[in-house]
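Subject: A structure for you to look at

Hi,

Here is the structure I said I would pass on.

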Amino acid sequence: MWKRIYDTLERTFPSFAVDEWWGVTDPFARMAGSVLVQNTTWTNAEKALDRLREAGLLEPAAMAGETAERLAEVIRPAGFQRAKSAALLGLAGWVLEQGGVDRLRRSADGTDELRRQLLLLKGIGQETADTILAYALNRPTISGDAYSRRLWQRLTGEALSYEQVRRAILAELTEAEDLRRLHGLIVEHGKAFCLKRFPRCSACPFADDCRYFHDSI
């Protein structure tokens, strides 16, 4: 079913481009952005990224050499700055220990192993780890985030956990590029149609097959 969802979303958003969607292409900037966007909007995370860039801290060695207090002040627009500064310092240290971003992208370690290592870092949860792996390290994984879970539950009436959704998608789609695009498209669909409150069901491309829509008529 996820392949069909992917095909429908591709037709619905034909001009969707991952790089434009992110607004940043540098892998470490995407890693940092994955932490900064936790519990806030991308607009606020992007402001913090800009401040990191202006401060010369948007690369692993510079960030790892900064104090938690100074880093927290720089990323203030993203909120939760103490927790996020600690997470960023841990992430930057891990990247350096692995030999840098380029070496990580070429690493012989499997995706599951890198995911395990990321999840050991303070402040890096499943969604952040999968986002880093998919969008910064080009690994074949996907986030089973709230947008994905909501879409599935509304279409089918079945509530799945983060990991259940993630594994269901990975059972059907295996290419890293497809998984990146699908996740981005699901988010775009969630913002355009499948809103948490007051969804625009009648205009949704899945309206004919959506249990939530038909139950609400």
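Let me start with a question: is helix 10 mostly covered or mostly open, and how many of its 10 residues are buried? Keep in mind that this is a predicted model, so everything below was computed from predicted coordinates.

**Helix 10**

The answer is that helix 10 is mostly covered, with 8 of its 10 residues buried. Those residues are Thr128, Ala129, Asp130, Thr131, Ile132, Leu133, Ala134 and Tyr135. If you want to see what covers them, look at their neighbours: they pack against helix 2, helix 3, helix 7 (81-97), helix 9 (111-119), helix 12 (162-170) and helix 13.

**The whole chain**

Now zoom out. Along the principal axes, the C-alpha atoms fill a box of roughly 55 × 35 × 30 Å. Of the 217 residues, 47% count as buried. Take the contacts between residues at least 6 apart in sequence: 63% of them join residues at least 24 apart.

**The largest pocket**

Next, try to find the largest pocket, which has a volume of about 750 Å³. It is lined by 22 residues, and Val37, Thr40, Glu127, Asp145 and Tyr147 lie nearest its centre. Which elements give two or more residues to this lining? They are helix 2, helix 3, helix 10 (126-135), helix 11 (146-156) and helix 13 (176-192). So helix 10 turns up again here, because it is one of the elements that give two or more residues to the lining. Sorted by class, the pocket lining has 8 nonpolar, 9 polar and 5 charged residues.

**The cavity**

The structure holds 1 cavity of 30 Å³ or more, and the largest cavity has a volume of about 80 Å³. Of the 15 residues that line it, the closest to its centre are His189, Cys194, Cys201, Cys204 and Cys210. Helix 11 and helix 14 (211-216) each supply at least two residues of the cavity lining, and the largest share, 3 residues, comes from helix 11. By class, the cavity lining has 12 nonpolar, 1 polar and 2 charged residues.

Start with Asp26, in the loop between helix 2 (18-22) and helix 3 (27-36). A polar atom of the Asp26 side chain lies 3.2 Å from the backbone nitrogen of Phe28. Asp26 is partly exposed, with a relative accessible area of 38%.

Then go to Thr8, which lies in helix 1 (residues 2-12). Is Thr8 buried or exposed? Its relative accessible area is 11%, so Thr8 counts as buried, the cut-off being under 20%. Leaving out residues up to four places away in sequence, Thr8 touches Pro205 and Phe206.

Last, two asparagines. Asn39 is not a glycine, yet it has a positive phi of about 60 degrees. You will find Asn39 in the loop between helix 3 and helix 4 (42-54), and at 66% relative accessibility it counts as exposed. Asn138 has a positive phi too, of about 55 degrees, and is not a glycine either. Asn138 sits in the loop between helix 10 and helix 11, where it is partly exposed, with a relative accessible area of 36%.

That is my list for now. Write back when you have had a look.

Cheers

Definitions and conventions. Residues are numbered from 1 along each chain as its sequence is written. This is a predicted model: local features need pLDDT of at least 70, side-chain atom pairs count only at pLDDT 80 or more; totals for chains, interfaces and linings use all residues. Side-chain values use heavy atoms; hydrogens and water are left out. Helices (H or I, at least four residues) and strands (E, at least two) are DSSP runs, numbered from the N terminus. Buried means under 20% relative accessible area, exposed over 50%, partly exposed in between (1.4 Å probe, protein chains only). A polar contact is a pair of N or O atoms within 3.5 Å; within protein, one must be able to donate a hydrogen and the other to accept it, and residues adjacent in sequence count only if both atoms are side-chain atoms. On a 1 Å grid over the protein atoms alone, a cavity is a set of points where a 1.4 Å probe fits but cannot get out, and a pocket is an open set with protein on both sides within 12 Å along at least five of seven lines; lining residues have an atom within 4 Å of a point. Grid points are joined across faces, edges and corners, and a volume is the space filled by probe spheres set on the points. Ala, Val, Leu, Ile, Met, Phe, Trp, Tyr, Cys and Pro count as nonpolar, Asp, Glu, Lys and Arg as charged, and the others, Gly among them, as polar. Contact means heavy atoms within 4.5 Å.
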